[in-house]
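Please take a moment with the sequence and the model shown here before reading on. The paragraphs that follow lead through the structure step by step.

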Amino acid sequence: MLTVADLMTGEVFTLRETDTLKTARSMMSLARIRHIPIVGENMEFLGLLTHRDILSATISQFAEVDRSTRDEIDAGIPVLEVMRHDVTVVPPWMKLRDAANILLNHKYGCLPVVDDGVLRGIITEADFLKLTIRLMEALEGDLADL
């Protein structure tokens, strides 16, 4: 039986509540990620910031504001004001199928993996797509051997 721990990403980019939207935007762009768990000093899970959250909290690109002005505004907004607190989390020992059903049925992009209040990793739609590709490749290899 596969569990969340078998597929999750354990090394996760995180931020603190006092970090700014500018920092979050830069991290998402550089690391090419769409979800950032927000943690406390001892990696306790506090919430989640998504790319969509940042888009809805910042000035529209269609506004007559240049990038440096937008960055200056974003530098004054702490993540705490935008992050989501009501986040569904899963334990590392949860069956992978159950986690997939949660993502699918609720249309979530990710699930933070939390054990005893501490962030252990994250599992995303992309992780499931990678697994699907590996399974399809394995099936195609088996079919070719027939």
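**A walk through the predicted model**

In this predicted model, the largest nonpolar core has 14 residues, and those with the most contacts inside it are Val4, Val90, Leu111, Ile123 and Phe128. The elements that contribute two or more residues to this core are α1 (4-7), α5 (96-106), β3 (110-115) and α6, and α5 gives the most, with four residues. Phe128 touches Leu7, Leu96, Ala99, Ala100, Leu103 and Ile123, when residues up to four places away in sequence are not counted. A second, separate core of 13 residues includes Leu15, Met27, Val79 and Met83.

The C-alpha trace spans about 60 × 35 × 25 Å along its principal axes, and of the 146 residues of the protein chain, 38% count as buried. Among the contacts with a separation of 6 or more, 59% are accounted for by residues 24 or more positions apart.

The next step concerns two of the helices. Two packed helices are described by the angle between their axes and the distance between the axes. For helix α2 (residues 21-31) and helix α4 (residues 67-75), the axes come within 6 Å and cross at roughly 115°. The contact is made by Leu21, Lys22 and Arg25 of α2 together with Arg70, Asp71, Asp74 and Ala75 of α4, and these residues divide into two nonpolar, no polar and five charged. Within α4, Arg70, Asp71 and Asp74 are buried. They cover an arc of only 100° around the axis, which puts them on the same side of α4. What covers the buried residues of α4 includes α2.

From the helices we can turn to a pair of strands. Strand β1 (residues 35-39) runs antiparallel to β2 and is joined to it by five bridges, with Pro37 standing opposite Leu48 in β2. Five of the six residues of strand β2 (residues 45-50) are buried, so this strand is largely enclosed by the rest of the structure. The two strands form a hairpin with five residues between them, and Met43 lies in the loop between β1 and β2. Although Met43 is not a glycine, its phi is positive, at about 65°, and with a relative accessible area of 33% this residue is partly exposed.

Arg32 is exposed, with a relative accessible area of 76%.

A last stop is in helix α6 (residues 125-144), where Gly141 is found. Gly141 counts as partly exposed because its relative accessibility is 31%, a value between the limits of 20% for buried and 50% for exposed. Gly141 and Met28 are 113 residues apart along the chain, and their C-alpha atoms are separated by 36 Å.

How values were computed:
Residues are numbered from 1 along each chain as its sequence is written. This is a predicted model: local features need pLDDT of at least 70, side-chain atom pairs count only at pLDDT 80 or more; totals for chains, interfaces and linings use all residues. Side-chain values use heavy atoms; hydrogens and water are left out. Axes are lines fitted to C-alpha atoms, for helices over the stretch in contact, and angles run from 0 to 180 degrees between N-to-C directions. Contact means heavy atoms within 4.5 Å. Ala, Val, Leu, Ile, Met, Phe, Trp, Tyr, Cys and Pro count as nonpolar, Asp, Glu, Lys and Arg as charged, and the others, Gly among them, as polar. Buried means under 20% relative accessible area, exposed over 50%, partly exposed in between (1.4 Å probe, protein chains only). Two strands pair if DSSP finds at least two bridges between them. The arc is that of the directions from the helix axis to the C-beta atoms. A nonpolar core is a set of buried Ala, Val, Leu, Ile, Met, Phe, Trp, Tyr and Cys residues joined through side-chain atoms within 4.5 Å.
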